[in-house]
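Keep the sequence and the 3D view open while reading.

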Amino acid sequence: MTPRTQDPHVAIIGGGFSGLMTAVNLARLNTRPLNITLVHSAGAAGRVVAYSTVRPEHLLNVAARNMSALPDQPDHLLQWLRTRSDFDAVPDHELRERFIPRQVYGDYLRSLLHHHLQAAGSMTPVTTSFIAGEAVDIENTGDSTTIHLADGRQIPADRIVLACGNEAPAGLPGAETLQDHPAWTGNPWLPWHQRLPAQGGSIVILGTGLTTVDALITLRTLGWQGSIHAVSRHGWLPHAHFRGIEYPDFPPPDVDLATLGLEKLLALMEQHCARLRELGANPAIIVDRLRPHTQRIWENFTPAERTTFLRQHAARWNVLRHRIAPDIHAQITSAQLTGQLQVHAAGITRVAASGSQIAVHLQNGRQLLGDLVLNATGPHIRFSATTSPLLQNLLRRGLISPDPMDMGIHTENVHTVLSPSGTPSPWLLALGPLLRGTLWESIAVPELRVQARRVAELILGQRPADDALPVMMEYMI
């Protein structure tokens, strides 16, 4: 058991971007004695899934100019990149637009950890400890709060931050029988590339989003020459980033987008998309112009409007919103043009073993056979059906509850966790993908860096800093 000290103790569950940057902000903003414990279950803190890749072909999906981890220092990443010899020859204007390897970004986050949490020494009143382990439960007796780890260790804390990140992909019908099948990969972030089929074989990727793009780029880098099938309901691959035009007409200065409602908002967007097409410009500019307002828009949607958006428009929004580096997009397009990659627009009814292969049955009646099948359908998002032991236990204890959309955790004032009765917790906060149902946009660095600072300010009893707000609005990518 970690001993309780007299100084306040904050425990953060999750060592990804959200958890790490909450700890960093606590350390750099705090002026009084404070103990911080960061609990991370996989790999080194700050690495986790997104930045633990050792493959240099995996790039960030946002240009370096908008990937600073500190909302009050927008050029922080660019300045850090200048300390690395591998970027010496890159001019400033080009470096700002560079899509750097995710492995390098992981190095950047680790440098922040080292500087603010490990090397500060007597310069800060903060003491930090890192615990590798899986948090599976939290017990609150009214007088004390204790985190329970899977191996039996216990961590007492005064305040706890849930920064759990995305869950694993949702299960597919039949997948429960394939866990030991050599051709099945239920978690696309495991080292599946170490057991590729022979050249000329077949790989089926379930999903056509960003994880699928990573898999495709890895296959091309490895020189694998078999056939690749990617399947999703709409068959939409991510679009490429582009150089847009100045378009100050959207949003109109006299229109409050957050109060329009879904129907009027869609009509306004289509009107301006049509105007951009007439100008020969990419209508996705409207998505970029809309992004600073999306959280307020989502907050003001009625439950019926949110449901309609999720069912009819979310898939298209995600394709336009989560774009990829142009050279990565060019490689995907090349794979399609050569016929190596075939994209199928169809729902998946079930997956089943077929000898040494796996059969993927589609709603259109077709069947795809794969020597290797990857489940890259995206993170599971129905919160009440979470597969996380920690969240399951917190739900069972009545310490948390699903938000009204059942997409994440129910909170007050964004980060304060609410009980099923609506009582604000005095000790439990949340950020990141857990707030997807509350904020909609809650998974990318431009949002998460602001959340991490706000959570730190809440814990420290500080008013939100005004200097964080302008950067939060800098979403043009």
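The model is predicted. On the α1 side, Phe17, Ser18, Met21, Thr22, Asn25, Leu26, Arg28 and Leu29 take part. They meet Val445, Leu448, Arg449, Ala452, Arg453, Val455, Ala456, Glu457, Ile459 and Leu460 of α15. Sorted by class, this contact of α1 with α15 holds 11 nonpolar, 3 polar and 4 charged residues.

Now the geometry. Helix α1 spans residues 17-29, and helix α15 spans residues 445-460. Their axes lie 8 Å apart, and the packing angle is about 45°.

Helix α5 covers residues 102-118. The axes of α1 and α5 come within 9 Å and cross at roughly 30°. That makes α1 roughly parallel to α5. Here the crossing is left-handed. From α1, the contact uses Phe17, Leu20, Met21, Ala23, Val24, Ala27 and Arg28. From α5, it uses Tyr105, Leu109, Leu112, Leu113, His116 and Leu117. By class, the contact of α1 with α5 divides into 11 nonpolar, 1 polar and 1 charged.

Phe17, Met21 and Arg28 are listed in the contact with α15, and they are also listed in the contact with α5.

| Helix pair | Axes | Angle | Crossing |
|---|---|---|---|
| α1 and α5 | within 9 Å | roughly 30° | left-handed |

**His76**

Is His76 buried or exposed? His76 is buried, with a relative accessible area of 18%. The cut-off for buried is under 20%. This residue is found in helix α3, residues 76-81. Leaving out residues up to four places away in sequence, His76 touches Ser68, Leu70, Tyr108 and Leu112. Leu112 is also one of the α5 residues in the contact with α1.

**The β12-β13-β14 sheet**

Three strands build an open sheet here, in the order β12-β13-β14. The pairing is antiparallel. β12 (348-354) and β14 (367-370) stand at the edges. Each has a single partner strand, so one side of each is left without a neighbour in the sheet. On average, neighbouring strands of this sheet are turned by 20° against each other, direction ignored.

How many bridges join β12 to β13? There are 6, and the two strands run antiparallel. In this pair, Ala352 has Ala359 of β13 as its bridge partner. The strands β12 and β13 form a hairpin with 2 residues between them. In that turn, Gly355 has a positive phi of about 70°.

Strand β13 covers residues 357-362 and is joined to β14 by 4 bridges. Val360 has Leu368 of β14 as its bridge partner. These two strands, β13 and β14, also form a hairpin, with 4 residues between them. Gly365 in the turn has a positive phi of about 90°. β13 is mostly covered, with 5 of its 6 residues buried.

**The β4-β5-β6 sheet**

Another open sheet has 3 strands in the order β4-β5-β6, with antiparallel pairing. Its edges are β4 (135-140) and β6 (154-156). Each edge strand has a single partner, so one side of each is left without a neighbour in the sheet. Neighbouring strands of this sheet are turned by 20° against each other on average, direction ignored. β4 is joined by 5 bridges to β5, residues 145-149. Asp137 has His148 in β5 as its bridge partner.

**Strand β15**

Strand β15 covers residues 372-375, and both of its faces are covered. Leu372 and Leu374 are buried on one side, and Val373 and Asn375 are buried on the other. In a regular strand the side chains alternate between the two faces of the sheet.

The pairing of β15 is parallel with both β8 and β9. Strand β8 (residues 184-185) is joined to β15 by 2 bridges. Strand β9 (residues 202-206) is joined to β15 by 4 bridges. Which residue of β15 is the bridge partner of Trp184? That residue is Val373. Val204 also stands opposite Val373.

Technical notes
Residues are numbered from 1 along each chain as its sequence is written. This is a predicted model: local features need pLDDT of at least 70, side-chain atom pairs count only at pLDDT 80 or more; totals for chains, interfaces and linings use all residues. Side-chain values use heavy atoms; hydrogens and water are left out. Two strands pair if DSSP finds at least two bridges between them. Axes are lines fitted to C-alpha atoms, for helices over the stretch in contact, and angles run from 0 to 180 degrees between N-to-C directions. Buried means under 20% relative accessible area, exposed over 50%, partly exposed in between (1.4 Å probe, protein chains only). Contact means heavy atoms within 4.5 Å. Ala, Val, Leu, Ile, Met, Phe, Trp, Tyr, Cys and Pro count as nonpolar, Asp, Glu, Lys and Arg as charged, and the others, Gly among them, as polar. Angles under 35 degrees count as roughly parallel, over 145 as roughly antiparallel, 65 to 115 as roughly perpendicular and the rest as oblique. A crossing is left-handed if the near helix is turned anticlockwise from the far one by less than a right angle, and right-handed if clockwise.
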